[in-house]
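I opened my notebook today to look at how the pieces of one chain sit together. Come and read along with me.

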Amino acid sequence: MPEGDTVWRTAHHLHEALAGQVLTRTDFRVPAFATYDLRGLSVDEVVSRGKHLLIRAGDSSIHTHLKMEGAWHIYILDERWRRPTFEARVVLENAEHQAVGFSLGVMEVLDYDGEDDAVGHLGPDLLGPDWDAVKALCRLNRDPARPIFLALHDQRNLAGFGNEYVNELCFLSGILPTRPVGEIPDLARVLDRGRRMILANRDRVQRTMTGDTRPGRMHWVFSRRGRPCRRCGTAIRSGQLGAKPTQMRITSWCPRCQS
Ligand SMILES: [Zn+2]
């Protein structure tokens, strides 16, 4: 699942391909927006807010979310697509490029005011220019009994972390995913470490939590169930955590290094 760093990089690439240029063709392949046509508008900017992406043009804002399988590709005009046509949800074209959003979890065209409904609930953005650690800490502390794993996932507390970051951050901080927020002695330090991790990966093509980009060596605990902990050799455990069955997420931890 894409994390905030992937979305930040996607916004950066889309901005380079689209900003300052006039849209020569738009094709929204989602029924509710199929009749929309933004041709003739100039794209002002492309920004990320947590894991949400906003393409702003005139009074409109194209709001997308990658969710599980989504991706944006940028092609030179007439270049062959690398994903099947039926997966395309939106096509934006200018004189040089074609940006295609495939299998997007969300694709909607909003007016500027509508942006607030779409992303206004989000907590401070880990990769945003307005990152505010104090505000994020306040939001995390509003529910001190909540397991840290779930609190860090909640985009209303802070925006940008997904499952990889949350699991790896709990390991690197030596805390069990189930530990209540209120029982973590130095939450500010945990948050600071997490932000440094996502910043370090922001410009990397291959995300790594260990600093090693070789296959199979990029994680401490994420997706490593049953394998030996890289620090102590104990078998990594995994389970599920979530408030509702639909929100269950897989968590992995080392029973010796984390408490
Ligand atoms: Zn260990």
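Below are my entries on a sheet and on a pair of helices, all taken from a predicted model.

**Entry 1: the sheet.** I began with the strand order. Four strands make up an open sheet, and they run β2-β3-β4-β8 with antiparallel pairing. Which strands stand at the edges? I found β2 (43-49) and β8 (106-111) there; each has a single partner strand, so one side of each has no neighbour in the sheet. I also looked up the twist, which averages 20° from one strand to the next.

Entry 2: Next I looked at β2 with β3 (residues 52-57). Six bridges join these two strands in the antiparallel sense.

**Entry 3: two helices.** Then I turned to α3 (residues 133-141) and α6 (residues 187-202). Their axes are 10 Å apart, and the helices pack at an angle of about 120°. Angles from 65 to 115 degrees would count as roughly perpendicular and those over 145 as roughly antiparallel, so α3 is oblique to α6. Their crossing is right-handed.

**Entry 4: who makes the contact.** From α3 I listed Ala133, Ala136, Leu137 and Leu140, and from α6 I listed Leu187, Ala188, Leu191 and Asp192. Sorted by class, this contact of α3 with α6 has seven nonpolar residues, one charged and no polar.

How values were computed:
Residues are numbered from 1 along each chain as its sequence is written. This is a predicted model: local features need pLDDT of at least 70, side-chain atom pairs count only at pLDDT 80 or more; totals for chains, interfaces and linings use all residues. Two strands pair if DSSP finds at least two bridges between them. Axes are lines fitted to C-alpha atoms, for helices over the stretch in contact, and angles run from 0 to 180 degrees between N-to-C directions. Angles under 35 degrees count as roughly parallel, over 145 as roughly antiparallel, 65 to 115 as roughly perpendicular and the rest as oblique. A crossing is left-handed if the near helix is turned anticlockwise from the far one by less than a right angle, and right-handed if clockwise. Two residues are in contact if their C-beta atoms, placed from the backbone, lie within 7 Å. Ala, Val, Leu, Ile, Met, Phe, Trp, Tyr, Cys and Pro count as nonpolar, Asp, Glu, Lys and Arg as charged, and the others, Gly among them, as polar.
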